[in-house]
Amino acid sequence: MTELEGDDKNKEERESGQMESSEEEGEARDDSNEDEKREDVRDRKRKHSVGHEDDAKKKKKKKKDKKHKKDKKKKEKEKEEKKMKEASRQDKDVVESRQDRKRVPEENGRPIYVEHHQGIRGVMEGEMKEGEMTGGEDEENREIEKEEERKMLNRIVIHYPREIKVERRKEVRVLLRDDLARKSDSAMSKTELMESDDEEDERTAELMKEAADLIGDKRGGGMESPDTSGTDSPSDFMKDLKEKMIARGVDGALTEEDSNVELKAGNKNCAEFDMFAENVEIKDMNPATALLGAMDGTNASLKDNWDDSEGYYRVRVGELLDGRYRVFGFTGAGVFGNVVRCADIERSTTVAIKIIRNNEIMRKTGVRELEILRKLNEADKEDKMHCLQLYCTFNHHNHLCLVFENLSMNLRELLKKYGNKVGLHMKAVRKYARQLLLALRLLKKCSIVHADIKPDNILVDESKSTLKLCDFGSSGAIFEQEIAPYLVSRFYRAPEIMMGINHDYGIDMWSIAVTLYELYTGNIMFPGKSNNHMLKLFTEVKGAYPNKLIRKATFKDQHFDSNCNFLFHEIDKVTQRDKVTVLNNIRPTRSLDDELVGNQRLDKDSMALLKAFRNLLEQMLTLDPSKRITVGDALKHPFITGL
């Protein structure tokens, strides 16, 4: 029993010891937790104090900024008040000055009041008395008063009286010349007062006349090409145009008077024709004005820098070229060079000078054009075949310069000015067609292909009755022609060029046909966006291409499949990728008769002439160049001969 009791006591002691140790550990943990809590509290207080200091600084800064803004507004307000006080003081002076009005004689039944400015108010008071201004009896006082009035004329302002009710009475500074003239016979009259201005106008007019005489301001001067089919005056041209516009039912038909007004107004700021380039519009310049503005000398900064970065010559108005051609206007710029209008001092006429770009390739092209022009002019010494006349050539600062006859405008400008979206009268189209065919016959006689016939490269004189073919920069001998898919401007490009077939004079015949259609309708016949699109548009008028022609084509794989079906390339509107459509059953969908007639009301003779025109176009637009009408047969066509 004793051993068992001893064991129990030992267990109790161990358990009590463990309990005491656990209690001590718990107390230690509690103490450490309390210490941590105290430390956390101190940290929070420290952070709060720092944040409070930051907030205090921010509040202090805000108060400072607010005070600064308040002081600034206060200063601005003081400035405004100061300005208002100054303005009110000035208004007060004006009111006081208006109280000192003097009555002068009536004019046209209405009394006029004279307001004296503050600067002369003291002088005028006591000297200009009402009785004296209306005609006093003392002659000596009146003479003295007249002298004083003459000295102060420019400082007197006229006002309408308060009795005339006007919303805004305009204060106009004028001279009382009429009043002084009525008071004294010795006063200056209006004519005398305006004498200095009239003299200045007369001097200006004399200078303008002298400049015009010096340069011989004759628009379109120079050699005129005779027309074997008769001549038409500008009035006849406008009469025919008006007739066609009425036939098409166009409201507000153009009259010659309207055209003249438009042309006169347009000479100041409208675009002048571009002789050798595509779609370049340059403002026309009056020769006399340009000469007067340039007689004071040339631009010194350009004396050592004649060309720009692309080799174009920097044209200077007033510059003298080759010792005889005075530059007075800039016409346009093309691929091969720029064109200027000049006054020929020796002949007193106006010429057009093409200045070739200063690089080797362009100079070779210019020399080739020069040779072609000389060949054509030599073959047409009488100037009856409607090709532009070359007068002479010279070199200027390493630039080849070609001097041409000066003409009025090109067919593009003519169509835009007189037949926009309407076209020209059939009489004008017929005359132009004959002249273009004559030019084409001269080219064939000289074995030359123009290769760029379009309205932009066809010039007309001022009477609008004679045209000239120009811009032979792309021309070449028939045996020099090579396959080039982008020869000729796209809208006037023949199908054999796009397909890669050897070409000849037929490409010029195609271009003339498309040009004539555009002249009559006012619309481009084939407005394609690419060669492939152009070939598709041709089929809408002419139908499918002959298989024999397709097999000759160098570029047939681009436009046709192995079965000679046309492959139409277009951009898909959704995916924006190239989309190819096979067209195997092609038939004409456009009618030339309907397009040419339009909404015109034509009589029997006019309809017969129009059908002859359509028949000529059909033969000129044959897809196979070997079957296309020749220039000799075209000149014998009833539409040209009138049979």
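Start with the open sheet: 6 strands in the order β7-β8-β9-β10-β12-β11, with antiparallel pairing. Strands here are DSSP runs of E with at least two residues, helices are runs of H or I with at least four, and both are numbered from the N terminus; two strands pair if DSSP finds at least two bridges between them. Before you click on, note that this is a predicted model, where local features need pLDDT of at least 70, side-chain atom pairs count only at pLDDT 80 or more, and totals for chains, interfaces and linings use all residues. Residues are numbered from 1 along each chain as its sequence is written, and side-chain values use heavy atoms, leaving out hydrogens and water.

Select 320-321 and 390-396 next: these are β7 and β11, the edge strands, each pairing on one side only. Then pick 337-344 and 349-356, where 8 bridges join antiparallel β9 and β10. Look for alanine 343, which sits opposite threonine 350 in β10.

Last stop: α13 (426-445) and α15 (506-521), packed at about 165° with axes 10 Å apart. Axes are lines fitted to C-alpha atoms, for helices over the stretch in contact, and angles run from 0 to 180 degrees between N-to-C directions. So α13 is roughly antiparallel to α15 (angles over 145 degrees count as such). To see the contact, show residues including Leu436 and Leu440 of α13 and Ile512 and Leu516 of α15.

Technical notes: Angles under 35 degrees count as roughly parallel, over 145 as roughly antiparallel, 65 to 115 as roughly perpendicular and the rest as oblique. Contact means heavy atoms within 4.5 Å.
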